[in-house]
Amino acid sequence: MDVRRLELLLALSRLGSMHAVSEVLGVTTSTVSQQIAALAKEVGTPLLEPDGRGVRLTPAGRRLAGHAVHILAAHEAARADLDPSAEPSGTVRVAGFHTAIRDTLLPVVHRLRQEYPAVRLEIQEQEPPDALAMLERDQVDLALIYDYNLAPAALDPSLEAAPLWESSWSLAVPSRSRRIRGTAVDVVAAFAASDWIVNSRHVADEQVVRTLAALAGFEPRITQRADTLQLVQEMITAGLGVGLMPATYPKTTGISLRRLRAPEPRMRALVLTRKDRTSWPPLSLLRSFLSAHRR
């Protein structure tokens, strides 16, 4: 149904005559008559009936006028919601991995509350594969994911990615392990006989391990999988294997970090949105806040 025709029908129901509608809305009475006749054709039922020298709404016309109140209100709300120049308002659904939520998203929450109280966030922690799938299914509006330069994520062309931050990763080994000089390949090759620990919910770091191992000429023996860096650290301390950890991980008794260079594994945090949603004011605002908070 044409929204303008619904406006004329609602005005007629309130003002009582086509002459009054034409004066209030600045259109001719013939235009009012023609547009309501076209609306009647759209809905497939008469909306007007003779009433003396004028017309009145039929029962169907009155019912449609009642619906028009809600339809027009929803239409205006949608226009305001999607207007790039409008004051941001609405709920933005976010899924992301723990570090990005803690270090990048939460710091902007206070600013949003202070400057744009009409913008709300619904946040859930998800590993990158799950967050990405939710974004593609339109279950969230924004996803915070990570990949590695040695294991780049394959993104759908319908998604728009923006970088947040990068961090170097090292090889974490038991503290008693000997030091190795040379490239990342040389360091990794020295632990070819070791068991390896990788993430249990995301394959990106496993792909990095396998890439470096392949360059060093061996197949890594992956025996442990863990969901948190804390648990990876405790597994290494317990002698269960070696694994990748951030180069900035705090010094911990029982493990040592071996720098990896040429190539250097780097984790890359990304913010993803659907290209057809980037102009939505609340989402655009959040993306700009996240970009400004890059570390």
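**Figure 1. The loop between β10 and β11, with A262 placed in it.** In this predicted model, A262 sits in the loop that runs between β10 and β11, and P263 belongs to the loop between β10 (255-258) and β11 (266-274) as well. The peptide bond that joins A262 and P263 is cis, with omega at about 5°. A262 also has a positive phi of about 50°, although it is not a glycine. Most residues other than glycine have a negative phi, and most peptide bonds are trans. With a relative accessibility of 59%, A262 counts as exposed.

**Figure 2. A positive phi at D138.** D138 is a residue other than glycine whose phi is positive, near 65°, and its place is in the loop between α6 (128-136) and β5. The relative accessible area of D138 is 28%, so this residue is partly exposed.

**Figure 3. The largest pocket and its lining.** About 650 Å³ of space lies in the largest pocket, and 30 residues line it, with T99, W169, T228, L229 and M267 lying nearest its centre. Two or more lining residues come from each of the elements α5 (98-115), β5 (142-148), β6 (159-174), β7 (195-199), α9 (229-237) and β9 (242-246); of the elements, α5 gives the most to this lining, with four residues. Divided by class, the lining of the largest pocket holds 15 nonpolar, seven polar and eight charged residues.

**Figure 4. The second largest pocket.** The volume of the second largest pocket is about 200 Å³, and its lining is made by R179, I180, R181, G182, V187, L257, R258, R259 and R261. By class, the residues lining the second largest pocket are three nonpolar, one polar and five charged.

**Figure 5. The salt bridge between D147 and R268.** A search of the whole structure finds 19 salt bridges, and one of them pairs D147 with R268, with the closest N and O atoms 3.0 Å apart. D147 lies in strand β5 and R268 in strand β11, so that the pair ties together parts that are 121 residues apart in sequence.

**Figure 6. R210 and its salt-bridge partners E206 and E219.** Between R210 and E206 the closest N and O atoms of the salt bridge are 3.0 Å apart, and because these residues are four residues apart in helix α8 (residues 204-216), they are separated by about one helical turn. R210 also forms a salt bridge with E219, where the closest N and O atoms are 2.6 Å apart. In relative accessible area, R210 is partly exposed at 32%, while E206 counts as buried at 11% relative accessibility and E219 counts as exposed at 60%. Elsewhere, salt bridges that share partners join R93, D138, D141 and R277 into one network.

**Figure 7. A nonpolar surface patch that includes I71.** The residues M1, V43 and I71 make a nonpolar surface patch of about 230 Å². I71 has its place in helix α4 (residues 59-82), and its relative accessible area of 32% makes it partly exposed.

Definitions and conventions. Residues are numbered from 1 along each chain as its sequence is written. This is a predicted model: local features need pLDDT of at least 70, side-chain atom pairs count only at pLDDT 80 or more; totals for chains, interfaces and linings use all residues. Side-chain values use heavy atoms; hydrogens and water are left out. Patches are made of residues with over 30% relative accessible area and no salt bridge: like charges are joined within 9 Å, nonpolar side chains (Val, Leu, Ile, Met, Phe, Trp, Tyr) within 5 Å. Accessible areas come from the Shrake-Rupley method with a 1.4 Å probe; for residues, only the protein chains shown count as cover. A salt bridge is a side-chain nitrogen of Lys or Arg within 4 Å of a carboxyl oxygen of Asp or Glu. Buried means under 20% relative accessible area, exposed over 50%, partly exposed in between (1.4 Å probe, protein chains only). On a 1 Å grid over the protein atoms alone, a cavity is a set of points where a 1.4 Å probe fits but cannot get out, and a pocket is an open set with protein on both sides within 12 Å along at least five of seven lines; lining residues have an atom within 4 Å of a point. Grid points are joined across faces, edges and corners, and a volume is the space filled by probe spheres set on the points. Ala, Val, Leu, Ile, Met, Phe, Trp, Tyr, Cys and Pro count as nonpolar, Asp, Glu, Lys and Arg as charged, and the others, Gly among them, as polar.
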